[in-house]
Amino acid sequence: MTREEKCANKLEAVQAFRLPGKILSCEKYGNGHINDTFLVIMEEDGAEKRYILQRMNQDVFKDPAKLMNNIVLVTDFLKEKIRERGGDVERETLNPLRTADGQSFYEDSIGSCWRVYTFITDAVSLDQVRTPEDFYQSAVTFGRFSGQMASFDATQLTETIPDFHNTPKRFETFCAAVEADVCNRAAGVREEIAFYEAHKDDMEYCAGLLAKGAIPLRVTHNDTKLNNIMLDMKTGKGICVIDLDTVMPGLSVFDFGDSIRFGANTAVEDERDLSKVSLSLELFETYVKGYLEGCGGALTDEEIRLLPYGAKNMTLECGMRFLTDYLQGDTYFMVHREGHNLDRAHTQIELVRDMERKWEEMEKVVYANKGC
Ligand code: ADP
Ligand code: GN1
Ligand code: MG
């Protein structure tokens with residue numbers, strides 16, 4: 001079934017949530033690579049109200065019921081925290097709605113699973129940093145999220161994607177994809193394959209330290225892209241962390257690193273002109289400051305030392321995942337053009353090369369800010 005076919009019953013899904021008023025529109029929305037997201041506009045008593053409808057990607061998330069259980073647990077927990085500090089629970093966390101029969105998601109007649117969130121109003125999610133302040137705000141907000149989740153009982157959570165950031169395992173999957181070469185694409189990407197083979201040791205470094213107990217496993221977000229955060233349109237402040245599908249035990253340095261990979265790149269993730277790709281040291285420093293501030297002193301000295309390694313690890317891992325998906329026929333990430341995953345892999349390779357050129361400066365930035 002194509003994605004369009006899987007989304008055929010979107011209006012049936014909207015109805016299952018008994019949203020008040022009449023449906024004005026239900027259109028594709030946002031730039032996520034995983035779920036099918038729609039903006040639903042309802043009209044009630046002459047006023048418009050917005051909602052986010054999502055078809056959960058069941059190829060990626062095999063058990064929607066367990067996934068939604070995680071989201072309900074995490075958002076209920078966050079609501080308590082927000083109430084304690086007198087915040088606005090409607091805007092500072094995702095709010096999953098219930099179906100008419102009290103379920104957190106709706107399974108339609110062809111097996112597609114849907115959820116609805118209230119729309120976070122007067123806020124934006126960005127695909128590229130506009131000003132360093134945006135990035136600083138996202139750092140503080142993701143850091144604060146990790147700090148808040150420190151007192152959450154991780155044993156309640158299902159691992160929604162096992163081995164999600166197990167980079168050595170991702171490398172094995174990549175090697176198997178090269179070997180299988182189901183689309184006969186490997187011959188055209190020999191250099192890219194060699195790049196990842198040459199970086200095998202780098203991709204084992206953080207995982208090795210975790211295995212030795214040198215860094216702790218924490219409850220982390222695991223998908224800390226800039227567009228997974230909402231910024232207030234008026235104040236510019238980071239208000240809410242979204243896309244909670246991958247909240248699971250993980251490494252703080254990977255949450256940090258994924259933000260750098262996406263947000264401190266001077267080009268967009270799928271830029272074809274590789275001369276635009278580089279690591280902005282200014283944005284790197286901005287994020288270090290904001291993240292350490294947001295975490296509120298929770299990170300150990302070893303975690304702080306490893307921040308540049310987290311950035312490199314996540315850029316290597318993500319690029320290798322894009323290349324793996326290219327080799328396997330683009331079945332995982334949503335693609336919008338021929339070679340889209342390969343273009344994405346190229347930006348990630350270029351970004352790693354630039355990090356390697358700027359490695360000493362990255363370490364100096366972390367050292368200079370470690371007291372933040
Ligand atoms: P994916 O897993 O595919 O990345 P997301 O949950 O990140 O899906 O949603 C995609 C986009 O939809 C986000 O980047 C954001 O722009 C928008 N979005 C998601 N949830 C909300 C919400 N509750 N309010 C406003 N916008 C949202
Ligand atoms: C996906 O869901 P989205 O678009 O926020 C992916 C991340 C990748 C990212 C690359 C569940 O994130 O792991 O880093 O694309 N999410 C999942 O842009 O695989
Ligand atoms: Mg997202």
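Select ligand 1 and its shell, the residues with a heavy atom within 4 Å. Domain 1 (3-121) and domain 2 (132-368) each give at least three residues to this shell; the bounds come from an automatic or database domain assignment. The model is predicted: local features need pLDDT of at least 70, side-chain atom pairs count only at pLDDT 80 or more, and totals for chains, interfaces and linings use all residues. Side-chain values use heavy atoms, without hydrogens and water, residues are numbered from 1 along each chain as its sequence is written, and chains are lettered from A and ligands numbered from 1 in the order written.

Stay on ligand 1. The shell holds 19 residues, with Asn-35, Gln-54, Ile-120, Ser-125 and Asn-227 the closest. Colour β3 (47-55) and β5 (113-118): each supplies at least two shell residues.

Now show the polar contacts (N or O pairs within 3.5 Å). A ligand 1 oxygen is 2.9 Å from a polar backbone atom of Asn-35. Another stop is Asn-227, with a polar backbone atom 2.9 Å from an oxygen of ligand 1. At Asp-243, a side-chain N or O atom is 3.0 Å from a ligand 1 oxygen.

Zoom in on the side chains. Oxygen atoms of ligand 2 lie 2.6 Å from an N or O atom of Glu-269, 2.8 Å from a polar atom of Arg-321 and 2.5 Å from an N or O atom of Tyr-332.

Technical notes:
A polar contact is a pair of N or O atoms within 3.5 Å; within protein, one must be able to donate a hydrogen and the other to accept it, and residues adjacent in sequence count only if both atoms are side-chain atoms. Helices (H or I, at least four residues) and strands (E, at least two) are DSSP runs, numbered from the N terminus.
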